[in-house]
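Here are my notes on the model you sent over. Have it open while you read.

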Amino acid sequence: MLYYFVSIAILIVCVLLILIVLVQNSKGGGLASNFSSSNQIMGVRKTTDFLEKATWTLAGGLLFLCLVAAVTIPREEIREDRSQIEQQLNETETTPEMPAFPTDAAATEQDTAK
């Protein structure tokens, strides 16, 4: 149950991170350029600071959620699947036959037949 909650949280953080990155512009434009002509409470520089902090926060949150997801993966299902696969491999596994190399006795018989 916790695994599904963490998976949904990861998807939400990914969507938010995509939106924050798309709003930014590497050449000083983006969301900050829309506010340059009007006086805002946050101002232009504060907007870029907020977007940068939001990007780093979401990236850190995504890393944390991925680690939590790795810990909360339901292990019972994986073990059952693995044991079924191992059982099938053990049932179908055959030992390879050794190739028959000519022995000295067989070589002498061929020499005498000539």
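1. Helices (H or I, at least four residues) and strands (E, at least two) are taken as DSSP runs, numbered from the N terminus. On that basis the protein has five helices and zero strands, and along the sequence the pattern reads α-α-α-α-α.

2. A word on provenance: this is a predicted model, where local features need pLDDT of at least 70, side-chain atom pairs count only at pLDDT 80 or more, and totals for chains, interfaces and linings use all residues. Residues are numbered from 1 along each chain as its sequence is written, and side-chain values use heavy atoms, with hydrogens and water left out.

3. On confidence, the average pLDDT (the predictor's confidence in each residue, from 0 to 100) is 75 for the protein, and 58% of the residues score at least 70. Among the elements, helix 1 has the highest mean at 93, while helix 2 (residues 31-34) has the lowest at 56.

4. Burial next (buried is under 20% relative accessible area, exposed over 50%, partly exposed in between; 1.4 Å probe, protein chains only). Of the 114 residues, 14% count as buried.

5. Which residues of helix 1 are buried? They are Val6, Ala9, Ile10, Val13, Leu17 and Ile20.

6. Val15 belongs to helix 1 (residues 2-23) and is partly exposed, because its relative accessibility is 47%.

7. Glu52 lies in helix 3 (residues 43-71), and its relative accessible area of 44% makes Glu52 partly exposed.
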